[in-house]
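Thanks, I will keep this short. Please have the sequence and the model open while I talk.

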Amino acid sequence: MSSAQAPAQATTRRSITAIVAATTANGIGINGGLPWRLPGEMKYFARVTTGDSPSEEISAQNALIMGRRTWDSIPAKFRPLKGRRNVVVSRQGVDVTGAPNTHTATSLPAAISSIPATAPRVFIIGGSQLYTASFARTPASSSETSSSTSTSSSESRPLIDRVLLTRVLSEFECDSYLDDFTSHTYSSGPSDSNNDNQKAVWRKASIEELRAWLGWDVQEENEEKGIKYQYEMWVLND
Ligand SMILES: NC(=O)c1ccc[n+]([C@@H]2O[C@H](COP(=O)([O-])OP(=O)(O)OC[C@H]3O[C@@H](n4cnc5c(N)ncnc54)[C@H](OP(=O)(O)O)[C@@H]3O)[C@@H](O)[C@H]2O)c1
């Protein structure tokens, strides 16, 4: 749980979206892969992250940032994820030789700052470690700012400002988990007071807000192979 202090002054940071599918127990993966096969949900992921009319020009395509294990989990024939810039984060180094439109970074901030401002949207697509790093509240720095961004009143806030969550309503055996970000709070009172002004970091947006952000219609409740799931969007509560 975050307990950082409330923001003191306005600043502008690049808008970054995490996209994830998680069970109600926040399970996201098993044995290095996904616990489920939901083709409709995969199509949603592809459409959201690619955009409806992706440019041929890489600098005008959306960017996807992923951890090295998530990169490894993508079958070779689907790698890199097409129509999007792929950025793989690894401390030890990862060989992406031969993968077009793909580069590597040694940290999440370095990955973000390596993406040109011309990329329309930036997504963090997992896995567990990368999501955790995304939720950590950090002070704004020049390496994370961009002129083509949303505004935020937070000086110290998560690296991401939006989460597209597919909530899978069946339970699956999992060994990778998403931080329970919906319960993250921060103190909204003065730093020297013992106040109870805990404020939720994240707010669940309405389905209409999700549709407006996507730019197309989407059904909130879905079912495939007897597995029910719903599309949600969470935004910073400030
Ligand atoms: N349900 C979903 O929406 C979803 C989405 C994506 C992935 N997943 C699942 O999540 C699981 C993988 O998650 P994971 O947590 O094991 O792996 P991960 O986050 O994909 O990758 C972890 C690796 O990324 C690098 N890394 C992580 N944090 C870093 C940081 N802050 N700075 C620099 N490098 C960093 C390290 O690479 P090195 O070891 O090379 O240094 C680390 O070993 C799989 O089961 C996958 O299928 C699920």
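Before the first figure, one definition: two residues are in contact if their C-beta atoms, placed from the backbone, lie within 7 Å. With that, among contacts between residues at least 6 apart in sequence, 69% join residues at least 24 apart. What you see is a predicted model. The chain has five helices and 17 strands, and 32% of its 238 residues count as buried.

Next, the core. The largest nonpolar core holds 48 residues, and Val20, Ile65, Ile124 and Val163 touch the most other members. Strand E2 gives this core its largest share, six residues.

Strands E4 and E5 are parallel and paired over five bridges. Between them the chain passes through H2, and this β-α-β crossover is right-handed.

Now E5, residues 85–89. Is this strand covered or exposed? It is mostly covered, with five of its five residues buried. Arg85, Val87 and Val89 point one way, while Asn86 and Val88 point the other way. E5 also pairs with strand E6, residues 102–105, in the parallel sense over four bridges. In that pairing valine 87 stands opposite histidine 103.

On to the ligand. Which of the 29 residues around the ligand come nearest? They are Gly29, Gly67, Gly126, Gly127 and Ser128. By class, the shell has eleven nonpolar, 15 polar and three charged residues. Elements that each supply at least two shell residues are strands E2 (16–23), E3 (27–29) and E4 (63–67), together with helices H2 (68–73) and H4 (128–135).

Six of its eight residues are buried, so the helix is largely enclosed by the rest of the structure. The buried ones are Ser128, Leu130, Tyr131, Ala133, Ser134 and Phe135.

Last, a loop position. Alanine 205 sits between strand E15 (202–204) and helix H5 (207–214). Why does alanine 205 count as partly exposed? Because it has 18 C-beta neighbours inside 10 Å, and a residue needs 20 or more to be buried and 12 or fewer to be exposed. Beyond its neighbours within four places in sequence, alanine 205 contacts Leu210, Met233, Trp234 and Val235. Valine 235 is 30 residues away from alanine 205 in sequence, with 6.6 Å from C-alpha to C-alpha.

That is all from me.

How values were computed:
Residues are numbered from 1 along each chain as its sequence is written. This is a predicted model: local features need pLDDT of at least 70, side-chain atom pairs count only at pLDDT 80 or more; totals for chains, interfaces and linings use all residues. A residue is near a molecule or strand if its C-beta atom, placed from the backbone, lies within 6 Å of it. Ala, Val, Leu, Ile, Met, Phe, Trp, Tyr, Cys and Pro count as nonpolar, Asp, Glu, Lys and Arg as charged, and the others, Gly among them, as polar. A nonpolar core is a set of buried Ala, Val, Leu, Ile, Met, Phe, Trp, Tyr and Cys residues joined through C-beta atoms within 7 Å. Two strands pair if DSSP finds at least two bridges between them. A crossover is right-handed if, with the strands pointing away from the viewer, the path from the first strand over the helix to the second runs clockwise.
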